[in-house]
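I opened the model to look up a few local points and then the contact between the chains. My notes follow.

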Amino acid sequence: MHAWLGFAILALVLWGITGVTQKLSTNRISSERSFLWFCWAMVALSGLVLLLVRPHSALGIVVVLCSVAGGALNGLGAWTSFRALESGGKASIVISLISLYPLLTVVLAVLLLHERLTWMQSAGAVTAIAAAILLSLEPNSKVEP
Amino acid sequence: MPPVCSAGHERGPVNATNRWKSTPRWLLWSLLTIVLWGTWGLVSKVASAGVDAYSNQLLYTAGILPLMVFVAWTVHRNKAAEKREHRTAGVFWAFLTGILGGVGNIAFFEALVKGGNASVVAPVTALFPMVTVLLALVVLRERLGRVQWLGLGLAFVAIYLLSA
(Lines give C-alpha, C1' and ligand atoms only; values in the text may rest on other atoms or scores of the structure.)
Protein backbone atom coordinates (compact mmCIF):
# COMPACT_ATOMS: atom_id res chain seq x y z
CA MET A 1 0.00 0.00 0.00
CA HIS A 2 1.24 3.49 -0.82
CA ALA A 3 2.27 5.58 2.22
CA TRP A 4 0.00 8.44 1.11
CA LEU A 5 -2.99 6.10 1.00
CA GLY A 6 -2.38 4.98 4.59
CA PHE A 7 -2.41 8.59 5.79
CA ALA A 8 -5.45 9.42 3.65
CA ILE A 9 -7.34 6.48 5.20
CA LEU A 10 -6.25 7.59 8.69
CA ALA A 11 -7.69 11.06 7.96
CA LEU A 12 -10.87 9.42 6.65
CA VAL A 13 -11.27 7.35 9.86
CA LEU A 14 -10.60 10.28 12.22
CA TRP A 15 -12.92 12.64 10.33
CA GLY A 16 -15.51 9.86 10.23
CA ILE A 17 -15.42 9.60 14.04
CA THR A 18 -15.93 13.38 14.25
CA GLY A 19 -19.26 12.85 12.46
CA VAL A 20 -20.48 11.11 15.64
CA THR A 21 -18.74 13.35 18.22
CA GLN A 22 -19.99 16.50 16.45
CA LYS A 23 -23.54 15.14 16.58
CA LEU A 24 -23.13 14.35 20.31
CA SER A 25 -21.94 17.94 20.82
CA THR A 26 -24.58 19.81 18.79
CA ASN A 27 -27.32 17.73 20.48
CA ARG A 28 -26.33 19.54 23.70
CA ILE A 29 -24.99 22.98 22.71
CA SER A 30 -25.40 25.46 19.82
CA SER A 31 -23.47 24.91 16.59
CA GLU A 32 -21.60 28.21 17.23
CA ARG A 33 -20.41 27.16 20.70
CA SER A 34 -19.53 23.73 19.33
CA PHE A 35 -17.48 25.32 16.54
CA LEU A 36 -15.76 27.63 19.05
CA TRP A 37 -14.62 24.69 21.18
CA PHE A 38 -13.59 22.83 18.02
CA CYS A 39 -11.29 25.82 17.33
CA TRP A 40 -9.98 25.83 20.94
CA ALA A 41 -9.04 22.17 20.44
CA MET A 42 -7.13 23.17 17.28
CA VAL A 43 -5.25 25.78 19.34
CA ALA A 44 -4.49 23.20 22.05
CA LEU A 45 -3.28 20.69 19.45
CA SER A 46 -1.04 23.35 17.91
CA GLY A 47 0.39 24.08 21.39
CA LEU A 48 1.19 20.39 21.76
CA VAL A 49 2.80 20.33 18.31
CA LEU A 50 4.95 23.34 19.33
CA LEU A 51 6.10 21.50 22.45
CA LEU A 52 6.85 18.16 20.81
CA VAL A 53 8.03 19.01 17.30
CA ARG A 54 10.49 21.57 16.05
CA PRO A 55 8.58 23.49 13.39
CA HIS A 56 10.03 24.35 10.01
CA SER A 57 11.86 27.69 10.30
CA ALA A 58 12.70 28.61 6.69
CA LEU A 59 9.45 28.70 4.76
CA GLY A 60 8.63 30.38 1.47
CA ILE A 61 5.99 33.08 1.43
CA VAL A 62 3.76 31.12 -0.98
CA VAL A 63 3.87 28.06 1.29
CA VAL A 64 3.02 30.12 4.38
CA LEU A 65 0.16 31.88 2.59
CA CYS A 66 -1.24 28.57 1.29
CA SER A 67 -1.05 26.92 4.74
CA VAL A 68 -2.76 29.86 6.46
CA ALA A 69 -5.32 30.02 3.63
CA GLY A 70 -5.95 26.28 4.16
CA GLY A 71 -7.07 26.92 7.74
CA ALA A 72 -9.15 29.94 6.75
CA LEU A 73 -10.85 28.14 3.83
CA ASN A 74 -11.61 25.01 5.82
CA GLY A 75 -12.90 26.98 8.80
CA LEU A 76 -15.03 29.28 6.66
CA GLY A 77 -16.35 26.24 4.78
CA ALA A 78 -17.49 24.67 8.06
CA TRP A 79 -19.19 27.95 9.01
CA THR A 80 -20.95 28.38 5.63
CA SER A 81 -22.15 24.76 5.81
CA PHE A 82 -23.79 25.55 9.17
CA ARG A 83 -25.35 28.66 7.61
CA ALA A 84 -26.71 26.55 4.73
CA LEU A 85 -28.44 24.24 7.21
CA GLU A 86 -29.72 27.15 9.31
CA SER A 87 -31.05 28.98 6.21
CA GLY A 88 -33.75 26.38 5.70
CA GLY A 89 -31.93 23.89 3.50
CA LYS A 90 -32.90 20.25 4.06
CA ALA A 91 -29.99 18.38 5.65
CA SER A 92 -30.24 15.55 3.10
CA ILE A 93 -29.97 18.01 0.18
CA VAL A 94 -27.43 20.44 1.68
CA ILE A 95 -25.01 17.73 2.82
CA SER A 96 -25.34 15.82 -0.45
CA LEU A 97 -24.67 19.00 -2.41
CA ILE A 98 -21.67 19.94 -0.25
CA SER A 99 -20.29 16.41 -0.79
CA LEU A 100 -19.49 17.55 -4.33
CA TYR A 101 -16.53 19.63 -3.07
CA PRO A 102 -13.84 17.06 -4.05
CA LEU A 103 -15.03 17.43 -7.63
CA LEU A 104 -13.84 21.07 -7.58
CA THR A 105 -10.50 19.99 -6.05
CA VAL A 106 -10.08 17.42 -8.85
CA VAL A 107 -10.90 20.00 -11.55
CA LEU A 108 -8.59 22.65 -10.03
CA ALA A 109 -5.74 20.15 -9.49
CA VAL A 110 -5.96 18.94 -13.10
CA LEU A 111 -6.23 22.46 -14.54
CA LEU A 112 -3.80 24.38 -12.30
CA LEU A 113 -1.39 21.75 -10.95
CA HIS A 114 -1.48 19.64 -14.14
CA GLU A 115 -2.15 16.46 -12.19
CA ARG A 116 -3.10 13.48 -14.32
CA LEU A 117 -5.55 10.76 -13.37
CA THR A 118 -5.59 7.25 -14.80
CA TRP A 119 -8.99 6.10 -16.05
CA MET A 120 -9.33 3.92 -12.94
CA GLN A 121 -8.64 6.90 -10.68
CA SER A 122 -11.10 9.04 -12.66
CA ALA A 123 -13.74 6.33 -12.20
CA GLY A 124 -12.75 6.16 -8.53
CA ALA A 125 -13.18 9.93 -8.05
CA VAL A 126 -16.66 9.84 -9.59
CA THR A 127 -17.58 6.73 -7.53
CA ALA A 128 -16.25 8.37 -4.34
CA ILE A 129 -18.38 11.46 -4.86
CA ALA A 130 -21.45 9.33 -5.62
CA ALA A 131 -20.75 7.25 -2.49
CA ALA A 132 -20.33 10.38 -0.31
CA ILE A 133 -23.68 11.71 -1.57
CA LEU A 134 -25.49 8.40 -0.94
CA LEU A 135 -23.94 8.08 2.54
CA SER A 136 -25.11 11.61 3.39
CA LEU A 137 -28.75 10.80 2.67
CA GLU A 138 -30.74 9.98 5.77
CA PRO A 139 -32.63 6.66 5.69
CA ASN A 140 -36.09 7.07 4.14
CA SER A 141 -35.34 10.70 3.18
CA LYS A 142 -37.04 11.77 -0.01
CA VAL A 143 -35.54 14.47 -2.21
CA GLU A 144 -38.29 16.85 -3.22
CA PRO A 145 -37.95 19.27 -6.13
CA MET B 1 -42.84 36.15 -9.61
CA PRO B 2 -41.14 34.33 -12.51
CA PRO B 3 -38.17 36.14 -14.11
CA VAL B 4 -39.15 38.27 -17.09
CA CYS B 5 -36.96 38.08 -20.18
CA SER B 6 -36.23 41.46 -21.68
CA ALA B 7 -34.17 42.64 -24.60
CA GLY B 8 -33.93 46.11 -23.06
CA HIS B 9 -30.47 47.05 -21.82
CA GLU B 10 -31.84 48.95 -18.82
CA ARG B 11 -33.87 46.02 -17.54
CA GLY B 12 -31.21 43.33 -17.89
CA PRO B 13 -29.27 44.05 -14.69
CA VAL B 14 -32.51 44.48 -12.72
CA ASN B 15 -33.69 41.03 -13.82
CA ALA B 16 -30.32 39.53 -13.02
CA THR B 17 -30.50 41.06 -9.53
CA ASN B 18 -34.03 39.70 -9.02
CA ARG B 19 -32.94 36.26 -10.17
CA TRP B 20 -30.00 36.40 -7.74
CA LYS B 21 -32.29 37.49 -4.91
CA SER B 22 -34.76 34.67 -5.67
CA THR B 23 -32.03 32.03 -5.31
CA PRO B 24 -32.52 30.28 -1.94
CA ARG B 25 -30.01 31.35 0.71
CA TRP B 26 -29.22 27.74 1.63
CA LEU B 27 -28.20 27.05 -1.99
CA LEU B 28 -25.82 30.03 -2.04
CA TRP B 29 -24.25 28.98 1.29
CA SER B 30 -23.92 25.39 0.00
CA LEU B 31 -22.24 26.51 -3.24
CA LEU B 32 -19.91 28.77 -1.27
CA THR B 33 -18.99 25.79 0.93
CA ILE B 34 -18.11 23.76 -2.17
CA VAL B 35 -15.85 26.59 -3.41
CA LEU B 36 -14.14 27.02 -0.01
CA TRP B 37 -13.54 23.31 0.66
CA GLY B 38 -12.71 22.56 -2.98
CA THR B 39 -10.04 25.29 -2.97
CA TRP B 40 -8.73 24.12 0.43
CA GLY B 41 -7.60 20.82 -1.18
CA LEU B 42 -5.75 22.74 -3.87
CA VAL B 43 -3.90 25.19 -1.59
CA SER B 44 -2.99 22.32 0.75
CA LYS B 45 -1.29 20.49 -2.14
CA VAL B 46 0.66 23.64 -3.07
CA ALA B 47 1.74 24.09 0.57
CA SER B 48 2.75 20.42 0.90
CA ALA B 49 5.69 21.05 -1.44
CA GLY B 50 7.47 23.20 1.15
CA VAL B 51 6.22 22.49 4.67
CA ASP B 52 5.84 19.44 6.92
CA ALA B 53 2.45 18.39 8.29
CA TYR B 54 3.15 19.65 11.85
CA SER B 55 4.28 23.15 10.80
CA ASN B 56 1.28 23.25 8.48
CA GLN B 57 -1.00 22.53 11.45
CA LEU B 58 0.40 25.62 13.22
CA LEU B 59 -0.18 27.83 10.18
CA TYR B 60 -3.59 26.24 9.57
CA THR B 61 -4.61 27.19 13.13
CA ALA B 62 -3.38 30.76 12.50
CA GLY B 63 -5.69 30.85 9.49
CA ILE B 64 -8.71 29.77 11.52
CA LEU B 65 -8.13 32.37 14.32
CA PRO B 66 -9.97 35.36 12.73
CA LEU B 67 -13.08 33.19 12.27
CA MET B 68 -12.69 31.95 15.84
CA VAL B 69 -12.79 35.56 17.13
CA PHE B 70 -15.95 36.23 15.09
CA VAL B 71 -17.65 33.04 16.35
CA ALA B 72 -16.62 33.84 19.96
CA TRP B 73 -18.32 37.24 19.58
CA THR B 74 -21.48 35.53 18.19
CA VAL B 75 -21.52 33.05 21.10
CA HIS B 76 -21.10 35.91 23.60
CA ARG B 77 -23.95 37.88 21.96
CA ASN B 78 -26.34 34.89 22.09
CA LYS B 79 -25.25 33.74 25.55
CA ALA B 80 -28.49 34.72 27.28
CA ALA B 81 -30.68 32.68 24.93
CA GLU B 82 -28.67 29.48 25.29
CA LYS B 83 -29.58 26.60 27.57
CA ARG B 84 -27.04 25.81 30.30
CA GLU B 85 -27.94 22.16 30.93
CA HIS B 86 -25.65 19.54 29.39
CA ARG B 87 -23.21 22.29 28.35
CA THR B 88 -20.16 20.55 29.87
CA ALA B 89 -20.85 17.36 27.95
CA GLY B 90 -21.47 19.33 24.75
CA VAL B 91 -18.18 21.21 25.15
CA PHE B 92 -16.34 17.94 25.84
CA TRP B 93 -17.62 16.37 22.59
CA ALA B 94 -16.85 19.56 20.62
CA PHE B 95 -13.30 19.63 22.00
CA LEU B 96 -12.82 15.95 21.16
CA THR B 97 -14.14 16.70 17.64
CA GLY B 98 -11.47 19.39 17.30
CA ILE B 99 -8.65 17.10 18.46
CA LEU B 100 -9.73 14.27 16.13
CA GLY B 101 -10.30 16.74 13.28
CA GLY B 102 -6.88 18.33 13.85
CA VAL B 103 -5.04 14.99 13.89
CA GLY B 104 -7.07 14.10 10.78
CA ASN B 105 -5.81 17.33 9.17
CA ILE B 106 -2.23 16.34 9.95
CA ALA B 107 -2.81 12.91 8.36
CA PHE B 108 -4.50 14.51 5.32
CA PHE B 109 -1.56 16.86 4.85
CA GLU B 110 0.97 14.04 5.36
CA ALA B 111 -0.79 12.12 2.57
CA LEU B 112 -0.12 15.10 0.27
CA VAL B 113 3.49 15.46 1.50
CA LYS B 114 4.07 11.73 0.79
CA GLY B 115 3.20 12.32 -2.85
CA GLY B 116 -0.53 11.76 -3.00
CA ASN B 117 -2.16 13.90 -5.68
CA ALA B 118 -4.80 16.39 -4.49
CA SER B 119 -7.10 14.98 -7.18
CA VAL B 120 -6.94 11.55 -5.51
CA VAL B 121 -6.44 12.35 -1.79
CA ALA B 122 -9.43 14.74 -1.70
CA PRO B 123 -11.94 12.15 -3.03
CA VAL B 124 -10.53 9.40 -0.74
CA THR B 125 -10.77 11.54 2.42
CA ALA B 126 -14.20 12.82 1.38
CA LEU B 127 -15.43 9.27 1.98
CA PHE B 128 -15.29 9.89 5.76
CA PRO B 129 -19.11 9.60 6.10
CA MET B 130 -18.64 5.83 5.57
CA VAL B 131 -16.95 5.65 8.99
CA THR B 132 -19.65 7.83 10.56
CA VAL B 133 -22.33 5.56 9.08
CA LEU B 134 -20.52 2.40 10.26
CA LEU B 135 -20.15 3.87 13.77
CA ALA B 136 -23.81 4.86 13.80
CA LEU B 137 -24.63 1.26 12.86
CA VAL B 138 -22.35 -0.44 15.40
CA VAL B 139 -22.20 2.02 18.33
CA LEU B 140 -25.45 3.97 18.14
CA ARG B 141 -27.42 0.97 16.79
CA GLU B 142 -28.98 3.14 14.08
CA ARG B 143 -30.59 1.42 11.10
CA LEU B 144 -29.23 2.02 7.61
CA GLY B 145 -31.38 2.53 4.55
CA ARG B 146 -30.78 0.77 1.24
CA VAL B 147 -29.26 3.93 -0.20
CA GLN B 148 -26.67 4.09 2.59
CA TRP B 149 -25.76 0.40 2.14
CA LEU B 150 -25.25 1.16 -1.56
CA GLY B 151 -23.12 4.18 -0.59
CA LEU B 152 -20.97 2.01 1.70
CA GLY B 153 -20.41 -0.52 -1.08
CA LEU B 154 -19.52 2.23 -3.55
CA ALA B 155 -17.11 3.76 -1.01
CA PHE B 156 -15.06 0.55 -0.86
CA VAL B 157 -15.07 0.31 -4.67
CA ALA B 158 -13.93 3.95 -4.87
CA ILE B 159 -11.00 3.40 -2.50
CA TYR B 160 -9.90 0.39 -4.55
CA LEU B 161 -10.11 2.36 -7.83
CA LEU B 162 -8.39 5.48 -6.42
CA SER B 163 -5.50 3.47 -4.97
CA ALA B 164 -4.83 1.74 -8.29
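Where does B:P24 lie? I found B:P24 in the loop between helix 1 (11-22) and helix 2 (25-47) of chain B. Helices here are DSSP runs (H or I, at least four residues), numbered from the N terminus.

I noted the ground rules. This is a predicted model, where local features need pLDDT of at least 70, side-chain atom pairs count only at pLDDT 80 or more, and totals for chains, interfaces and linings use all residues. Residues are numbered from 1 along each chain as its sequence is written, and chains are lettered from A and ligands numbered from 1 in the order in which they are written.

Is B:P24 buried or exposed? B:P24 is exposed, because 12 other C-beta atoms lie within 10 Å. The cut-offs are 20 or more such atoms for buried, 12 or fewer for exposed and partly exposed in between, with C-beta atoms placed from the backbone. I also checked B:P24 against B:V120: they are 96 residues apart in sequence and 32 Å apart in space, C-alpha to C-alpha.

Next, the interface. I read 103 residues of chain A in contact with 101 residues of chain B (C-beta atoms, placed from the backbone, within 7 Å). On the chain A side, the residues divide into 67 nonpolar, 31 polar and five charged. Nonpolar covers Ala, Val, Leu, Ile, Met, Phe, Trp, Tyr, Cys and Pro; charged covers Asp, Glu, Lys and Arg; the others, Gly among them, are polar.

Then helix 2 of chain A. It has 22 residues and reaches 31 Å from its first C-alpha to its last, close to the 32 Å expected at 1.5 Å a residue (1.5 Å times one less than the number of residues). Its buried residues include A:F35, A:W37 and A:F38. They pack against helix 1 and helix 3 of chain A, together with helix 3 (53-77) and helix 4 (87-113) of chain B.

Last, I looked at helix 3 of chain A against helix 3 of chain B. They pack at an angle of about 50°, with axes 7 Å apart. Axes are lines fitted to C-alpha atoms over the stretch in contact, and angles run from 0 to 180 degrees between N-to-C directions. That angle makes helix 3 of chain A oblique to helix 3 of chain B (under 35 degrees is roughly parallel, over 145 roughly antiparallel, 65 to 115 roughly perpendicular, the rest oblique). Among the residues making the contact are A:G70, A:G71 and B:G63. By class, the contact has eleven nonpolar, seven polar and no charged residues.

Conventions. Two residues are in contact if their C-beta atoms, placed from the backbone, lie within 7 Å. Helices (H or I, at least four residues) and strands (E, at least two) are DSSP runs, numbered from the N terminus.
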